[in-house]
Amino acid sequence: MTRHNLPERNPLNESPGPASTRPGIGLALGGGFARGFAHLGVLQVLEQNQIAISHIAGTSVGSILGAAYASGAPLSRIIATCRTLRFRDIARWRVSRLGLASNNRLGDLIERVFESRQFEELRIPLAVVATDLTSGEPVVFTQGHLVDAIRASCAFPGLFEPVEIGTRCLADGGLVAPVPTLAARELGATSVVGISVGMQDGHRGAPTNIFQVVSRAVSAAQKHQLEIWERHADIVLRPDVQSLAWDDFDRAEQAIEAGAVAARRALPRIQKLLGQQEDSARKFEARQEAEDKGYLWLAEALR
């Protein structure tokens, strides 16, 4: 997995310790266009139950919502924006040899909603995953401009033009990391909850347009990656959004509620996971304290 300018982070957040010791759970937010609004329902339930989020990794729409939340933007503002969001707010049709549309309008959305514009300014450590179309490998962004990384992560092939950053030609992160659980682990999360909303187009029967052909092809490939990304997750949530199409932006409320339902069902497991994390931290501290006392005793004995 390629890391793009791996930084020595010093994010603005409530925890003064290094990223690896941050309390809480790490979230891996998968792609799925309008279905991704389900991530907001999960965040809602976690907030309501005062469950801390230590790290966030996002792919495609998961990168947009994850970055907005990590920036410190109030969840209520993010949800209000998504309730009125439409395709034209993030893209404009521009037929070219490389795609049917450009997603450069995402920059306007970030300016309007986010509290931060740079990875280094985020309150929660964030990783954004894109795909290098030359090597076929994941590219993980953890520093620099948010808008460039997010545009790359959301550049769904066939629909959006690829995004060029430096010498790389980048496309949707869902091609290589449908749910970026490994990126969350490598960012420093000790416990990871993966949220999958799927890439299916919400229609049954044979595809009727080029986007349905491409999205179903990507979905078929992603099915064979399940074992890969699931092994890096402690808990996997699958909100019931199968009836939603990729462009059902006007059904945001339904997607949000589906995410909330999935999170409430998983709440006992999440709380148990946090309890295990706290027990491990206490045991580690006790072990460190015992070792420190041992060193002091040895030093006294040798004087």
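This model has six aromatic pairs, counting rings of Phe, Tyr and Trp (for Trp, the six-membered ring) whose centres lie within 6.5 Å. A pair of aromatic rings is described by the distance of the centres and the angle of the planes. Planes under 30 degrees apart count as stacked, over 60 as edge-to-face, and the rest as tilted.

Before the details, two notes on the source. The model is predicted, so local features need pLDDT of at least 70 and side-chain atom pairs count only at pLDDT 80 or more, while totals for chains, interfaces and linings use all residues. Residues are numbered from 1 along each chain as its sequence is written, and side-chain values use heavy atoms, with hydrogens and water left out.

Take Phe37 and Phe249. Their ring centres are 6.1 Å apart and the planes stand at 65°, so this pair is edge-to-face. Phe37 sits in the loop between strand S2 (25–29) and helix H1 (38–48), and Phe249 in the loop between S11 and H9, so the pair ties together parts 212 residues apart in sequence. Helices here are DSSP runs of H or I with at least four residues, strands are runs of E with at least two, and both are numbered from the N terminus. Phe37 is buried at 3% relative accessibility, and Phe249 is buried at 5%. For the record, buried means under 20% relative accessible area, exposed over 50%, and partly exposed in between, with a 1.4 Å probe and protein chains only.

Next, Phe87 and Phe160. Here the centres are 5.9 Å apart and the planes at 15°, so the pair is stacked. This pair also links distant parts of the chain: Phe87 lies in the loop between helix H3 (75–84) and strand S4 (92–93), Phe160 in the loop between helix H5 (146–153) and strand S8 (163–165), and the two are 73 residues apart. Phe87 has a relative accessibility of 13% and counts as buried; Phe160, at 3%, is buried too. Which residues do ring pairs link into a cluster? They are Phe33, Phe87, Trp93, Phe156, Phe160 and Trp246.

Since H5 came up, a word on that helix. Six of its eight residues are buried, so I describe H5 as mostly covered. The buried ones are Leu146, Ala149, Ile150, Arg151, Ala152 and Ser153.

Is Asp248 buried or exposed? It is buried, with a relative accessible area of 16%. A polar atom of the Asp248 side chain lies 2.7 Å from the backbone nitrogen of Ala245. Leaving aside residues up to four places away in sequence, Asp248 touches Ala34 and Ser243, where contact means heavy atoms within 4.5 Å.

In helix H9 itself there is Gln276, partly exposed at 40% relative accessibility. Gln276 and Ser191 are 85 residues apart in sequence, with 9.7 Å between their C-alpha atoms.

Now the strands, which pair if DSSP finds at least two bridges between them. S6 (residues 126–132) and S9 (residues 168–172) pair in the antiparallel sense over three bridges. Thr131 has Ala171 in S9 as its bridge partner. S8 and S9 are also antiparallel, joined by three bridges, and Ile165 is partnered with Arg168 in S9. S8 and S9 form a hairpin with two residues between them, and Gly166 in the turn has a positive phi of about 65°.

That brings me to backbone angles. Most residues other than glycine have a negative phi, and most peptide bonds are trans. Gln50 has a positive phi, near 55°, and is not a glycine. Gln50 lies in the loop between H1 and strand S3 (53–59) and is exposed, with a relative accessible area of 74%. Ser60, also not a glycine, has a positive phi of about 55°. Ser60 is in the loop between S3 and helix H2 (61–70), and at 5% relative accessibility it is buried.

Note on methods: Polar contact = N/O pair within 3.5 Å; in protein donor to acceptor, adjacent residues only side chain to side chain.
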